Every structure is written in structure tokens, then in C-alpha cells.
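Try each one yourself before you read the solution.

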Amino acid sequence: MLWILGIITVLVLSGTVYYIVSDLMHIAETNDDGPSANLENLREETGGTVTEEEMAVFQSEGKNPFGQQKDLESLTDRDYREYIHGMSHQKVKADQKWGFYEINSTRIQWLLDGLEVVETQLTNPDIYRNILERWNNGDFSKADEDHNTIWKLQGGTIGAADGILSPEEEQTYINSKN
């Protein structure tokens with residue numbers, strides 16, 4: 001009986017370790033310090049909020065609009081979820097928020113362009129397209145629902161969005177990230 005319990009414990013621990021290691025490897029592949037650090041590096045280099053023009057400079061240096069080396073051809077579901085989730089934080093009320101990418105048209109369009117390239121390799125391209133097209137048209141009225149959709153796909157358990165920030169609250173949030 002004890003040996004069965006031991007085997008189950010080893011299997012559970014092995015699965016947990018595998019999941020954690022694969023998550024860490026993905027982070028290392030796409031960003032040495034996580035999404036917030038890339039944004040902070042961009043902001044340090046530009047002295048604050050990243051403008052459209054500054055985005056073009058980073059792209060000319062081989063970085064995508066999120067400040068990473070990842071190109072359109074290598075985008076995955078995990079990347080779409082990370083980028084959309086991080087951008088949604090600008091618009092939503094939530095008790096906990098991890099990661100932040102300021103929303104801008106360059107980032108949205110880049111992700112839409114990526115869908116044309118990797119759509120057949122993604123599990124949820126229609127979800128990403130629906131959100132990004134709405135945002136591309138300036139419609140953030142469902143940003144909390146968008147956040148929670150992506151958050152659920154990521155297996156979120158803490159930090160569900162429970163509303164949309166007012167313009168003043170949004171600006172305060174952005175300022176806190178600069």
C-alpha cells in the first residue's frame with residue numbers, strides 16, 4: 001500500500017516539475033527576464049512610454065513591438081496569450097495583475113499580421129482575432145471579458161478581471177508602470 005502512495009507521489013511531483021521547467025524554458029526563450037522586464041528595458045531606452053516611432057526603431061533592431069526577438073513565424077498560442085493578457089491589464093480592474101504591455105496600434109497590428117502567418121498552428125486563432133480586431137477598431141468595451149477569456153486559457157486562478165477601468169484609472173495605471 002505504501003509503495004502505491006510513493007509511486008503516486010513521484011508521478012505528481014514529476015508532472016509538477018515538468019510543467020514548471022517547461023514554463024521557465026518558454027520564458028527563457030522569449031524573454032530572459034519576463035514581459036515586464038522587456039517593457040522596462042524599452043522604457044529605460046526611450047525615457048518613458050514607448051511611441052510608435054520608437055517601436056519602429058526596435059523593429060529595425062530585430063525586436064518585435066513587444067521588445068523581444070520573437071518573429072511572426074515563431075508565434076505560438078502561449079505568445080498570443082501572454083501579449084494579449086499583458087495588454088489587457090491597461091484596461092481592466094483586477095485584484096492581481098502580472099505582466100504589462102502598453103496597448104498601441106503597432107502591437108495590435110503585428111499580432112493580427114502574425115495570425116495570417118501562423119493561424120493553422122494555433123489552437124485558438126479565432127479568439128485572438130476577435131479580440132485584436134475589436135481592439136484595432138478602438139473598441140475596448142469587452143476588455144474585461146477578453147482578459148478573462150485569455151486568463152482562463154492560461155489556467156488562471158487568481159486575478160480575474162471584474163470590470164473596466166475609467167479613463168482616469170487607466171492613466172493612473174499606465175503612469176504607475178512608467
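**Exercise 1.** Find which residues of α4 and α5 meet in this predicted model, and sort the contact by class.

*Solution.* Start on the α4 side, where Y80, Y83, I84 and M87 take part. Next, move over to α5: the partners there are R107, I108, W110, L111, G114, L115 and V118. Now sort them by class: the contact has nine nonpolar residues, one polar and one charged.

**Exercise 2.** Work out how α4 and α5 are oriented relative to each other.

*Solution.* First locate the helices: α4 covers residues 77-88 and α5 covers residues 105-118. Their axes come within 12 Å and cross at roughly 160°. Angles over 145 degrees count as roughly antiparallel, so α4 is roughly antiparallel to α5. As for handedness, this crossing is left-handed.

**Exercise 3.** Describe how α4 packs with α6, giving the geometry and the residues that make the contact.

*Solution.* Begin with the axes: those of α4 and α6 come within 11 Å and cross at roughly 35°. The crossing of α4 past α6 is left-handed. From α4, the contact draws on D77, Y80, R81, I84, M87 and S88. From α6, it draws on Y128, I131, L132 and W135. By class, these residues come to seven nonpolar, one polar and two charged.

**Exercise 4.** Step back and summarise the whole protein: what are its elements, and how much of it is buried?

*Solution.* Count the elements: there are eight helices and two strands. Read from the N terminus, their order is α-α-α-α-β-α-α-α-β-α. Then turn to burial: 43% of the 178 residues count as buried. For the surface, the protein exposes about 9,800 Å², with carbon and sulfur atoms supplying 55% of it. Finally, among contacts with a separation of 6 or more, 65% join residues 24 or more positions apart.

Key:
Residues numbered from 1 in each chain as written. Predicted model: local features only at pLDDT ≥ 70, side-chain atom pairs only at ≥ 80, totals over all residues. Heavy atoms only, no water. Helix = DSSP H or I, 4+ residues; strand = E, 2+ residues; numbered from the N terminus. Buried < 20%, exposed > 50% of the residue type's maximum accessible area, 1.4 Å probe, protein only. Contact = heavy atoms within 4.5 Å. Areas by Shrake-Rupley, 256 points an atom, 1.4 Å probe, with all protein chains shown as cover. Axes fitted to C-alpha atoms, helices over the stretch in contact; angles between N-to-C directions. Left-handed = near helix turned anticlockwise from the far one by under 90°. Nonpolar A, V, L, I, M, F, W, Y, C, P; charged D, E, K, R; others polar. Parallel < 35°, antiparallel > 145°, perpendicular 65-115°, else oblique.
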